Amino acid sequence: MLQVCLNGGRNAADSGAVPKSPAALAEAARQAVAAGATDIRVHPRTPCGRDSLSPRVVGPVLTAVRAVVDVPVGVPTGVRAEPGPARRVARIASWTVLPSPEFSAPLEQGGTPIAAVHWHEPGAEAVAAALLERGIGVEAGLWSGTDGPERFARSPLAHRVLRVLAEVTVTDPDTAAAAARELLAAVTAGGHGRPVLLHGADGGAWPVLRPARERGLATRIGIEDTLLLPDGRPATDNAQLVRAATAGRRWRRV
């Protein structure tokens, strides 16, 4: 599975390729799926560019993106959108539009909506429990260089997550692959056998994507992770990054 992460925390000062409005995010998603992406991750943001979990922000973004693609569309639930765990839980309870289903977890209605929880953040368990209570599946974000993998290994909710998102935070291209191996070892030891999506960021994005492909793991690419193509040229958009990631490889829905 190849996930495309459309925007993340990037803004116009980083690159003109960052989609911002619901319409721009929907068009970016449409082009990325046409290029080969099989899963979407999007950060709903206010008109001034701030991450938000408000239903007035999440709803229009999910509605716009889901109208133009037929692949899963997930969102994060991190502290950047709402610092307080109680506030994040309340926001999740207020959502009127949910992320779209993951095809890998069919239920009676055809799938489980999915949202990401970063396990090293305060309140991760409460946020994950709030998602599960609403029937939303959890993508457990385990970052290298944090205590996320250890906390997840001890979590009573670990066996209920849909997958682990193993995120290598090392951005040095010379050491990112080694950091990926260390993170995968930790995830294997304490990941409760959940499926793994492995990816890197910035200078580590392409060095980590390669071993993910070699190991047959799900992975991701997109403006959130890198603004550059493998040869160092600036990417014009998410679709160009996806095409570079899919070169010589056909990804599939899971």
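# Briefing: strands, helices and two loops

Glycine 36 sits in the loop that links helix 1 to strand 2. The model is a predicted one, in which local features need pLDDT of at least 70, side-chain atom pairs count only at pLDDT 80 or more, and totals for chains, interfaces and linings use all residues. Residues are numbered from 1 along each chain as its sequence is written, and side-chain values use heavy atoms, with hydrogens and water left out. Helices (H or I, at least four residues) and strands (E, at least two) are DSSP runs, numbered from the N terminus.

**Glycine 36**

- Just after helix 1, glycine 36 has a positive phi of about 130 degrees.
- Glycine 36 is partly exposed, as its relative accessible area is 23%; buried means under 20% relative accessible area, exposed over 50%, and partly exposed in between (1.4 Å probe, protein chains only).
- Between the C-alpha atoms of glycine 36 and valine 164 there are 22 Å, and the two residues are 128 residues apart along the chain.

**Helix 1**

- Helix 1 covers residues 22–35, which is 14 residues.
- From first C-alpha to last, helix 1 reaches 20 Å, close to the 20 Å expected at 1.5 Å a residue; the expected span is 1.5 Å times one less than the number of residues.
- The buried residues in helix 1 are Leu25, Ala26, Ala28, Ala29, Ala32 and Ala35.
- An α-helix has 3.6 residues a turn, so residues three or four places apart point the same way.
- Strand 1 (2–5), strand 2 (39–41), helix 2 (55–66) and helix 8 are what the buried residues of helix 1 pack against.

**Strand 1 and its partners**

- Leu2 and Val4 point one way from strand 1, while Gln3 and Cys5 point the other way, and all are buried.
- Strand 1 pairs with strand 9 in the parallel sense over three bridges; two strands pair if DSSP finds at least two bridges between them.
- In strand 9, isoleucine 221 stands opposite valine 4.
- Strand 1 also runs parallel to strand 2, and three bridges join them.
- Glutamine 3 has aspartate 39 of strand 2 as its bridge partner.
- The path from strand 1 through helix 1 to strand 2 is a right-handed β-α-β crossover; right-handed means that, with the strands pointing away from the viewer, the path from the first strand over the helix to the second runs clockwise.

- Strand 7 (residues 163–167) is mostly covered, with five of its five residues buried.
- Arg163, Leu165 and Glu167 point one way from strand 7, and Val164 and Ala166 point the other way.
- Strand 6 (residues 137–143) runs parallel to strand 7, and five bridges join them; here tryptophan 143 stands opposite glutamate 167.
- A right-handed β-α-β unit is made by strand 6, helix 5 (residues 148–153) and strand 7.
- Strand 7 is joined to strand 8 by four bridges, again in parallel, and leucine 198 in strand 8 stands opposite alanine 166.

**Helix 8**

- Seven of the nine residues of helix 8 are buried, so helix 8 is largely enclosed by the rest of the structure.
- Those buried residues are Asn238, Ala239, Gln240, Leu241, Val242, Ala245 and Thr246.
- Their cover includes strand 1, helix 1, helix 7 and strand 9.
- Aspartate 237 caps the N-terminal end of helix 8, with a side-chain oxygen 3.3 Å from the backbone nitrogen of alanine 239.

- Threonine 226 is in the loop between strand 9 (218–221) and helix 8 (238–246), and it is buried at a relative accessible area of 3%.
- A polar atom of the threonine 226 side chain lies 3.1 Å from the backbone nitrogen of leucine 228.
- Leaving aside neighbours within four places in sequence, threonine 226 has contacts (heavy atoms within 4.5 Å) with Arg10, Asp202, Ala205, Trp206, Ile221 and Leu241.
- Aspartate 202 lies in the loop between strand 8 (196–199) and helix 7 (205–214).
- Aspartate 202 is partly exposed at 37% relative accessibility, and its phi is near 50 degrees, a positive value in a residue other than glycine.

Terms used
Polar contact = N/O pair within 3.5 Å; in protein donor to acceptor, adjacent residues only side chain to side chain.
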